[in-house]
Amino acid sequence: MKQIFRFRRSTVVVIFISACLFIFTQCINEEEGRQQEKPGDSSHQNITLATIPSYNEFAGSKKCMGCHKDIYEAHLNTAHYQTSQQASERNIDGSFKKGNNTFSYNPNLLVAMEKRDSGLFQVVYFKGEEKVALPFDMVIGSGTKGQSFAYWKNNWLYQLPITYFTAAAQWSNSPGFPMKVMMDRPITSRCLECHATYVDKISAPESNQDVFDRNRIIYGVDCEKCHGPAARHIEFQTQNPKDTSGKFIINPAKLTRQQNLDLCALCHGGNIQKTQPPFSFIAGNVLSDHFQIDSVSDASAAAGNFDVHGNQYGLLRASKCFRMSETLTCNSCHGAHANEKGNTVLFSQRCMNCHSKEHNNFCKMNPALVPGLEKNCIDCHMPEQPSRSIALFLPGKDVPVASMIRSHFISIYKQETQKFMGK
(Lines give C-alpha, C1' and ligand atoms only; values in the text may rest on other atoms or scores of the structure.)
Protein backbone atom coordinates (compact mmCIF):
# COMPACT_ATOMS: atom_id res chain seq x y z
CA MET A 1 0.00 0.00 0.00
CA LYS A 2 2.86 2.36 0.89
CA GLN A 3 4.57 1.57 -2.42
CA ILE A 4 1.40 2.45 -4.35
CA PHE A 5 1.15 5.75 -2.45
CA ARG A 6 4.78 6.61 -3.16
CA PHE A 7 4.28 5.76 -6.84
CA ARG A 8 1.22 8.00 -7.06
CA ARG A 9 3.02 10.85 -5.28
CA SER A 10 6.00 10.57 -7.67
CA THR A 11 3.67 10.59 -10.64
CA VAL A 12 1.96 13.75 -9.38
CA VAL A 13 5.35 15.46 -8.91
CA VAL A 14 6.47 14.54 -12.43
CA ILE A 15 3.20 15.78 -13.92
CA PHE A 16 3.46 19.03 -11.95
CA ILE A 17 7.04 19.69 -13.09
CA SER A 18 6.12 18.87 -16.69
CA ALA A 19 3.18 21.26 -16.53
CA CYS A 20 5.40 24.04 -15.17
CA LEU A 21 7.98 23.49 -17.91
CA PHE A 22 5.24 23.55 -20.55
CA ILE A 23 3.79 26.83 -19.22
CA PHE A 24 7.27 28.39 -18.93
CA THR A 25 8.10 27.40 -22.53
CA GLN A 26 4.80 28.78 -23.78
CA CYS A 27 5.48 32.09 -22.01
CA ILE A 28 8.90 32.38 -23.63
CA ASN A 29 7.52 31.53 -27.09
CA GLU A 30 4.67 33.97 -26.63
CA GLU A 31 7.04 36.77 -25.58
CA GLU A 32 9.37 36.08 -28.53
CA GLY A 33 6.37 36.08 -30.85
CA ARG A 34 5.30 39.48 -29.53
CA GLN A 35 8.79 40.91 -30.07
CA GLN A 36 8.94 39.63 -33.64
CA GLU A 37 5.37 40.58 -34.47
CA LYS A 38 5.50 44.20 -33.34
CA PRO A 39 9.10 45.38 -33.42
CA GLY A 40 8.05 49.01 -33.60
CA ASP A 41 5.92 49.01 -30.45
CA SER A 42 8.59 48.86 -27.77
CA SER A 43 10.52 51.83 -26.45
CA HIS A 44 13.56 49.56 -26.18
CA GLN A 45 13.89 47.19 -29.12
CA ASN A 46 16.73 44.70 -29.18
CA ILE A 47 15.79 42.87 -32.34
CA THR A 48 18.05 39.88 -32.78
CA LEU A 49 17.71 37.74 -35.89
CA ALA A 50 19.01 34.19 -35.80
CA THR A 51 19.51 34.31 -39.55
CA ILE A 52 20.14 36.89 -42.24
CA PRO A 53 16.88 38.32 -43.63
CA SER A 54 16.07 36.91 -47.05
CA TYR A 55 15.55 38.91 -50.22
CA ASN A 56 11.83 38.03 -50.17
CA GLU A 57 11.38 39.74 -46.79
CA PHE A 58 12.12 43.08 -48.45
CA ALA A 59 9.54 45.01 -50.43
CA GLY A 60 11.59 47.79 -52.05
CA SER A 61 10.97 51.43 -51.26
CA LYS A 62 8.59 52.01 -54.20
CA LYS A 63 5.96 50.02 -52.32
CA CYS A 64 6.26 52.43 -49.40
CA MET A 65 5.02 55.23 -51.67
CA GLY A 66 1.38 54.12 -51.36
CA CYS A 67 1.16 55.40 -47.78
CA HIS A 68 4.25 57.63 -47.50
CA LYS A 69 4.33 59.44 -50.84
CA ASP A 70 5.84 62.75 -49.65
CA ILE A 71 8.57 61.06 -47.60
CA TYR A 72 9.37 58.66 -50.44
CA GLU A 73 9.68 61.41 -53.05
CA ALA A 74 11.87 63.56 -50.79
CA HIS A 75 14.11 60.58 -49.96
CA LEU A 76 14.82 59.96 -53.66
CA ASN A 77 16.95 63.12 -53.66
CA THR A 78 19.14 62.15 -50.71
CA ALA A 79 22.75 60.99 -50.90
CA HIS A 80 21.73 57.88 -48.97
CA TYR A 81 19.23 56.78 -51.60
CA GLN A 82 21.63 57.59 -54.45
CA THR A 83 24.65 55.86 -52.92
CA SER A 84 24.32 52.93 -55.33
CA GLN A 85 22.38 52.53 -58.57
CA GLN A 86 22.40 50.53 -61.75
CA ALA A 87 24.66 52.46 -64.10
CA SER A 88 23.16 54.64 -66.81
CA GLU A 89 24.28 57.78 -68.64
CA ARG A 90 21.72 59.70 -66.59
CA ASN A 91 23.23 58.86 -63.20
CA ILE A 92 26.95 58.96 -64.09
CA ASP A 93 28.31 62.45 -63.43
CA GLY A 94 31.43 62.32 -65.65
CA SER A 95 31.49 63.22 -69.33
CA PHE A 96 31.57 60.73 -72.22
CA LYS A 97 32.32 63.44 -74.78
CA LYS A 98 35.67 63.40 -76.57
CA GLY A 99 38.18 65.71 -74.97
CA ASN A 100 36.66 65.24 -71.51
CA ASN A 101 36.37 61.47 -71.32
CA THR A 102 39.89 60.17 -70.65
CA PHE A 103 42.34 59.55 -67.84
CA SER A 104 46.02 59.19 -68.83
CA TYR A 105 48.44 57.20 -66.70
CA ASN A 106 51.34 58.05 -69.01
CA PRO A 107 51.79 58.99 -72.70
CA ASN A 108 51.23 55.36 -73.76
CA LEU A 109 48.46 54.25 -71.38
CA LEU A 110 45.01 55.73 -70.94
CA VAL A 111 41.44 54.80 -70.12
CA ALA A 112 38.57 56.32 -72.11
CA MET A 113 34.96 56.49 -70.95
CA GLU A 114 32.94 55.55 -74.02
CA LYS A 115 29.30 55.22 -74.97
CA ARG A 116 28.78 52.37 -77.41
CA ASP A 117 25.72 50.68 -78.89
CA SER A 118 26.05 47.89 -76.32
CA GLY A 119 26.41 50.23 -73.31
CA LEU A 120 28.86 52.38 -71.37
CA PHE A 121 32.47 51.25 -70.95
CA GLN A 122 35.85 52.09 -69.48
CA VAL A 123 38.16 51.19 -72.37
CA VAL A 124 41.88 50.60 -71.79
CA TYR A 125 44.20 51.74 -74.60
CA PHE A 126 47.94 51.05 -74.84
CA LYS A 127 49.80 52.95 -77.55
CA GLY A 128 46.47 53.69 -79.19
CA GLU A 129 45.38 50.03 -79.34
CA GLU A 130 42.30 48.87 -77.43
CA LYS A 131 43.17 46.20 -74.87
CA VAL A 132 39.96 45.65 -72.90
CA ALA A 133 36.54 47.25 -72.49
CA LEU A 134 34.96 46.98 -69.04
CA PRO A 135 31.25 47.80 -68.64
CA PHE A 136 29.79 50.37 -66.26
CA ASP A 137 27.36 48.11 -64.36
CA MET A 138 27.00 49.82 -60.97
CA VAL A 139 27.43 53.39 -59.73
CA ILE A 140 28.70 53.61 -56.15
CA GLY A 141 28.43 57.00 -54.46
CA SER A 142 25.93 59.81 -54.77
CA GLY A 143 28.37 62.22 -56.42
CA THR A 144 28.53 64.53 -53.40
CA LYS A 145 32.26 63.81 -53.19
CA GLY A 146 32.55 61.55 -56.20
CA GLN A 147 31.46 58.29 -57.79
CA SER A 148 33.19 54.96 -58.15
CA PHE A 149 31.99 52.25 -60.51
CA ALA A 150 31.83 48.48 -60.65
CA TYR A 151 31.43 45.77 -63.27
CA TRP A 152 30.09 42.25 -63.10
CA LYS A 153 32.10 39.22 -64.13
CA ASN A 154 29.57 36.42 -63.79
CA ASN A 155 28.44 36.90 -60.16
CA TRP A 156 31.67 38.51 -58.99
CA LEU A 157 31.72 42.28 -58.66
CA TYR A 158 34.89 44.31 -59.31
CA GLN A 159 35.74 48.01 -58.97
CA LEU A 160 36.52 49.83 -62.20
CA PRO A 161 39.90 51.60 -62.38
CA ILE A 162 38.54 55.11 -62.98
CA THR A 163 36.47 57.23 -60.57
CA TYR A 164 34.77 60.60 -61.00
CA PHE A 165 36.05 63.25 -58.56
CA THR A 166 33.36 65.89 -58.04
CA ALA A 167 35.56 68.61 -56.48
CA ALA A 168 37.79 68.70 -59.58
CA ALA A 169 34.99 67.83 -62.05
CA GLN A 170 37.35 65.26 -63.60
CA TRP A 171 37.87 61.57 -64.11
CA SER A 172 40.56 60.27 -61.74
CA ASN A 173 42.34 57.12 -60.64
CA SER A 174 40.16 55.22 -58.15
CA PRO A 175 40.94 55.84 -54.43
CA GLY A 176 43.81 53.70 -53.15
CA PHE A 177 44.69 52.38 -56.61
CA PRO A 178 48.33 52.48 -57.79
CA MET A 179 49.10 54.53 -60.88
CA LYS A 180 48.40 51.64 -63.22
CA VAL A 181 45.26 50.06 -64.64
CA MET A 182 43.84 47.83 -61.90
CA MET A 183 40.84 45.68 -62.82
CA ASP A 184 40.77 42.96 -60.15
CA ARG A 185 39.85 44.71 -56.89
CA PRO A 186 36.74 42.85 -55.67
CA ILE A 187 33.72 44.61 -54.20
CA THR A 188 32.97 42.90 -50.88
CA SER A 189 29.77 42.40 -48.95
CA ARG A 190 31.10 44.84 -46.34
CA CYS A 191 31.29 47.54 -49.05
CA LEU A 192 27.73 46.80 -50.10
CA GLU A 193 26.40 46.77 -46.52
CA CYS A 194 26.93 50.54 -46.56
CA HIS A 195 26.12 51.25 -50.20
CA ALA A 196 23.03 49.06 -50.60
CA THR A 197 20.02 48.04 -48.56
CA TYR A 198 20.41 44.34 -49.33
CA VAL A 199 22.40 42.03 -51.59
CA ASP A 200 21.92 38.29 -51.72
CA LYS A 201 25.35 36.79 -51.00
CA ILE A 202 25.47 33.24 -52.37
CA SER A 203 29.08 32.22 -51.65
CA ALA A 204 29.98 30.00 -48.70
CA PRO A 205 31.22 31.74 -45.50
CA GLU A 206 34.69 30.25 -45.93
CA SER A 207 34.99 31.49 -49.55
CA ASN A 208 37.92 33.82 -50.29
CA GLN A 209 35.77 36.11 -52.45
CA ASP A 210 32.14 37.11 -52.12
CA VAL A 211 29.75 35.93 -54.81
CA PHE A 212 26.38 37.66 -55.22
CA ASP A 213 23.11 37.08 -57.00
CA ARG A 214 23.19 40.12 -59.28
CA ASN A 215 19.40 39.94 -59.74
CA ARG A 216 18.63 40.12 -56.02
CA ILE A 217 19.92 43.54 -55.01
CA ILE A 218 18.13 46.47 -53.39
CA TYR A 219 20.20 49.48 -54.43
CA GLY A 220 20.82 52.53 -52.28
CA VAL A 221 20.21 53.10 -48.60
CA ASP A 222 16.44 53.12 -48.78
CA CYS A 223 13.50 52.96 -46.35
CA GLU A 224 14.16 49.37 -45.28
CA LYS A 225 17.75 50.08 -44.21
CA CYS A 226 16.44 52.09 -41.25
CA HIS A 227 13.00 50.54 -40.80
CA GLY A 228 13.79 46.87 -41.43
CA PRO A 229 12.43 44.45 -44.07
CA ALA A 230 8.92 45.64 -44.94
CA ALA A 231 7.21 42.94 -47.05
CA ARG A 232 5.19 41.64 -44.09
CA HIS A 233 4.34 45.20 -42.97
CA ILE A 234 3.04 46.17 -46.41
CA GLU A 235 1.03 42.96 -46.72
CA PHE A 236 -0.63 43.56 -43.34
CA GLN A 237 -1.33 47.28 -43.89
CA THR A 238 -2.76 46.61 -47.35
CA GLN A 239 -5.21 44.12 -45.84
CA ASN A 240 -5.88 46.32 -42.78
CA PRO A 241 -5.78 49.94 -44.01
CA LYS A 242 -7.52 51.30 -40.89
CA ASP A 243 -4.90 49.89 -38.53
CA THR A 244 -2.45 52.73 -37.93
CA SER A 245 -0.28 51.03 -35.30
CA GLY A 246 2.49 50.23 -37.79
CA LYS A 247 2.73 46.46 -37.48
CA PHE A 248 5.80 44.44 -38.51
CA ILE A 249 8.00 47.49 -39.04
CA ILE A 250 10.68 49.23 -36.98
CA ASN A 251 10.09 52.81 -35.89
CA PRO A 252 13.51 54.39 -35.16
CA ALA A 253 11.78 57.07 -33.07
CA LYS A 254 11.04 54.34 -30.51
CA LEU A 255 14.58 53.01 -30.38
CA THR A 256 16.92 53.89 -27.54
CA ARG A 257 19.60 56.51 -28.03
CA GLN A 258 22.29 53.86 -28.46
CA GLN A 259 20.21 51.84 -30.90
CA ASN A 260 19.76 54.94 -33.05
CA LEU A 261 23.49 55.67 -32.89
CA ASP A 262 24.31 52.06 -33.77
CA LEU A 263 22.08 52.28 -36.82
CA CYS A 264 24.17 55.17 -38.19
CA ALA A 265 27.48 53.73 -36.97
CA LEU A 266 26.99 50.67 -39.16
CA CYS A 267 28.26 52.83 -42.05
CA HIS A 268 29.64 55.90 -40.29
CA GLY A 269 31.53 54.10 -37.52
CA GLY A 270 34.91 53.75 -39.18
CA ASN A 271 36.81 50.52 -39.68
CA ILE A 272 34.50 48.17 -37.81
CA GLN A 273 35.23 44.47 -38.29
CA LYS A 274 32.52 41.88 -38.92
CA THR A 275 31.95 39.15 -36.34
CA GLN A 276 28.63 38.00 -37.84
CA PRO A 277 27.51 37.33 -41.45
CA PRO A 278 26.95 40.36 -43.72
CA PHE A 279 23.49 41.95 -43.72
CA SER A 280 22.60 40.25 -40.42
CA PHE A 281 22.52 43.63 -38.64
CA ILE A 282 19.18 45.43 -38.91
CA ALA A 283 17.74 48.49 -37.20
CA GLY A 284 17.32 47.85 -33.48
CA ASN A 285 20.26 45.46 -33.18
CA VAL A 286 23.27 46.12 -30.97
CA LEU A 287 26.21 46.94 -33.24
CA SER A 288 28.79 45.34 -30.94
CA ASP A 289 26.95 42.02 -31.32
CA HIS A 290 27.84 42.08 -35.02
CA PHE A 291 31.11 44.04 -35.24
CA GLN A 292 34.27 44.93 -33.39
CA ILE A 293 33.88 48.66 -32.79
CA ASP A 294 36.39 51.23 -34.08
CA SER A 295 36.84 53.76 -31.27
CA VAL A 296 38.23 57.29 -31.33
CA SER A 297 39.80 58.47 -28.09
CA ASP A 298 39.20 61.98 -26.81
CA ALA A 299 42.95 62.63 -26.88
CA SER A 300 43.42 61.55 -30.50
CA ALA A 301 40.39 63.59 -31.57
CA ALA A 302 41.66 66.71 -29.77
CA ALA A 303 45.12 66.24 -31.32
CA GLY A 304 43.69 65.82 -34.82
CA ASN A 305 44.99 62.26 -35.13
CA PHE A 306 42.06 60.93 -37.12
CA ASP A 307 40.66 60.85 -40.62
CA VAL A 308 37.52 62.89 -41.18
CA HIS A 309 36.12 60.25 -43.52
CA GLY A 310 34.54 57.12 -42.10
CA ASN A 311 34.25 57.36 -38.33
CA GLN A 312 31.96 60.36 -37.95
CA TYR A 313 30.26 58.49 -35.11
CA GLY A 314 33.52 58.12 -33.18
CA LEU A 315 34.32 61.81 -33.67
CA LEU A 316 30.86 62.83 -32.51
CA ARG A 317 31.17 60.68 -29.37
CA ALA A 318 34.49 62.36 -28.54
CA SER A 319 32.90 65.83 -28.81
CA LYS A 320 31.93 67.82 -25.73
CA CYS A 321 28.47 68.41 -27.22
CA PHE A 322 27.83 64.67 -27.18
CA ARG A 323 29.33 64.04 -23.75
CA MET A 324 27.30 66.84 -22.15
CA SER A 325 24.02 65.59 -23.61
CA GLU A 326 21.85 62.60 -22.78
CA THR A 327 19.82 62.79 -25.97
CA LEU A 328 22.09 63.94 -28.83
CA THR A 329 22.17 61.52 -31.78
CA CYS A 330 22.92 61.86 -35.48
CA ASN A 331 19.24 62.58 -36.07
CA SER A 332 19.41 65.61 -33.79
CA CYS A 333 21.16 67.39 -36.67
CA HIS A 334 20.35 65.31 -39.76
CA GLY A 335 16.90 64.76 -41.23
CA ALA A 336 17.00 61.29 -42.76
CA HIS A 337 14.17 61.82 -45.22
CA ALA A 338 15.33 64.96 -47.06
CA ASN A 339 18.35 66.30 -48.91
CA GLU A 340 19.82 68.93 -46.57
CA LYS A 341 23.31 68.94 -48.07
CA GLY A 342 25.13 72.25 -47.68
CA ASN A 343 22.32 73.94 -45.76
CA THR A 344 24.49 75.61 -43.10
CA VAL A 345 21.63 77.87 -41.97
CA LEU A 346 19.41 74.89 -41.17
CA PHE A 347 22.19 73.01 -39.36
CA SER A 348 23.10 76.13 -37.39
CA GLN A 349 19.49 76.50 -36.27
CA ARG A 350 19.69 72.97 -34.92
CA CYS A 351 22.89 73.87 -33.04
CA MET A 352 20.96 76.67 -31.37
CA ASN A 353 18.33 74.26 -30.08
CA CYS A 354 20.92 73.62 -27.36
CA HIS A 355 23.30 76.60 -27.65
CA SER A 356 21.35 79.75 -26.83
CA LYS A 357 21.61 82.88 -24.72
CA GLU A 358 18.89 81.49 -22.48
CA HIS A 359 21.05 78.42 -21.77
CA ASN A 360 24.08 80.68 -21.24
CA ASN A 361 26.18 78.71 -23.73
CA PHE A 362 25.84 80.80 -26.88
CA CYS A 363 28.78 81.81 -29.09
CA LYS A 364 31.02 84.32 -27.34
CA MET A 365 32.05 86.12 -30.53
CA ASN A 366 30.63 89.59 -31.00
CA PRO A 367 27.81 89.39 -33.60
CA ALA A 368 28.48 93.03 -34.53
CA LEU A 369 31.96 92.06 -35.74
CA VAL A 370 30.78 89.07 -37.74
CA PRO A 371 27.49 89.72 -39.58
CA GLY A 372 25.33 86.61 -40.02
CA LEU A 373 27.14 84.75 -37.25
CA GLU A 374 23.99 82.94 -36.13
CA LYS A 375 23.55 81.53 -39.66
CA ASN A 376 26.81 79.60 -39.71
CA CYS A 377 28.03 77.74 -36.64
CA ILE A 378 29.32 74.96 -38.88
CA ASP A 379 32.38 76.43 -40.57
CA CYS A 380 33.93 77.39 -37.22
CA HIS A 381 33.06 74.33 -35.17
CA MET A 382 32.85 71.55 -37.81
CA PRO A 383 35.19 72.71 -40.60
CA GLU A 384 35.88 70.81 -43.79
CA GLN A 385 39.23 69.05 -43.60
CA PRO A 386 41.25 66.93 -46.06
CA SER A 387 40.60 63.20 -45.94
CA ARG A 388 43.56 60.85 -45.82
CA SER A 389 41.56 57.90 -47.16
CA ILE A 390 39.80 59.67 -50.05
CA ALA A 391 42.71 61.05 -52.03
CA LEU A 392 42.82 60.64 -55.80
CA PHE A 393 45.38 61.08 -58.56
CA LEU A 394 44.30 63.56 -61.22
CA PRO A 395 45.88 63.75 -64.70
CA GLY A 396 49.32 65.37 -64.57
CA LYS A 397 49.52 65.32 -60.76
CA ASP A 398 52.35 63.57 -58.91
CA VAL A 399 50.58 63.59 -55.54
CA PRO A 400 46.98 62.66 -54.76
CA VAL A 401 44.38 65.38 -54.20
CA ALA A 402 42.40 64.93 -50.98
CA SER A 403 38.64 65.23 -50.76
CA MET A 404 37.44 67.82 -48.25
CA ILE A 405 35.00 66.39 -45.71
CA ARG A 406 33.30 68.10 -42.79
CA SER A 407 34.67 67.00 -39.43
CA HIS A 408 32.21 65.62 -36.88
CA PHE A 409 34.53 66.39 -33.99
CA ILE A 410 32.65 69.45 -32.73
CA SER A 411 35.18 71.78 -31.15
CA ILE A 412 36.82 75.21 -31.30
CA TYR A 413 39.17 75.49 -34.28
CA LYS A 414 41.04 78.77 -33.80
CA GLN A 415 42.46 78.93 -37.32
CA GLU A 416 39.04 78.29 -38.84
CA THR A 417 37.51 80.98 -36.64
CA GLN A 418 40.11 83.46 -37.84
CA LYS A 419 39.33 82.53 -41.46
CA PHE A 420 35.63 83.01 -40.79
CA MET A 421 36.15 86.41 -39.19
CA GLY A 422 38.23 87.47 -42.20
CA LYS A 423 35.42 86.79 -44.65
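## Helix α6

Helices here are DSSP runs of H or I with at least four residues, strands are E runs of at least two, and both are numbered from the N terminus. With that settled, a reminder: this is a predicted model.

Let's start with α6, which covers residues 257-268. This helix has 12 residues and spans 16 Å from its first C-alpha to its last, close to the 16 Å expected at 1.5 Å a residue. After α6 comes Gly-270, with a positive phi near 80°.

Which residues of α6 are buried? They are Gln-259, Asn-260, Leu-261, Asp-262, Leu-263, Ala-265 and Leu-266. As for partners, these buried residues pack against three stretches of helix that include α3 (189-195) and α4 (223-227), plus the strand β14 (291-292). The other partners are α8 (312-318) and α9 (320-323).

## The four-stranded sheet

Now for the strands. Four of them form an open sheet in the order β2-β3-β4-β5, with antiparallel pairing. β2 and β5 (129-135) sit at the edges, each pairing on one side only. Ignoring direction, neighbouring strands in this sheet are turned by 25° against each other on average.

Zooming in on β3 and β4, their antiparallel pairing runs over eight bridges. Val-111 stands opposite Val-124 in β4.

In soluble globular proteins, nonpolar side chains tend to be buried together. In this model, the largest nonpolar core has 20 residues, and Ile-92, Phe-136, Phe-149 and Trp-171 touch the most other members. Strands that each supply at least two residues of this core are β2 (102-106), β3 (109-116), β4 (119-126), β7 (146-153) and β9 (162-165). The largest share, three residues, comes from β3.

There's also a second, separate core of 17 residues. Its members include Ile-250, Phe-281, Tyr-313 and Leu-328.

## Two phenylalanines with positive phi

Where does Phe-248 lie? Look in the loop between α5 (231-239) and α6. Phi of Phe-248 is near 55°, a positive value in a residue other than glycine. Buried or exposed, then, is Phe-248? Its relative accessibility is 12%, and the cut-off for buried is under 20%, so Phe-248 counts as buried.

Phe-279 is in the loop between β13 (273-274) and β14. Its phi is near 65°, again a positive value in a residue other than glycine. Phe-279 is buried because its relative accessible area is 5%, with under 20% as the limit.

Conventions
Residues numbered from 1 in each chain as written. Predicted model: local features only at pLDDT ≥ 70, side-chain atom pairs only at ≥ 80, totals over all residues. Heavy atoms only, no water. Expected span 1.5 Å × (residues − 1). Buried < 20%, exposed > 50% of the residue type's maximum accessible area, 1.4 Å probe, protein only. Contact = heavy atoms within 4.5 Å. Core = buried A, V, L, I, M, F, W, Y, C linked by side-chain atoms within 4.5 Å. Pairing = 2+ DSSP bridges. Axes fitted to C-alpha atoms, helices over the stretch in contact; angles between N-to-C directions.
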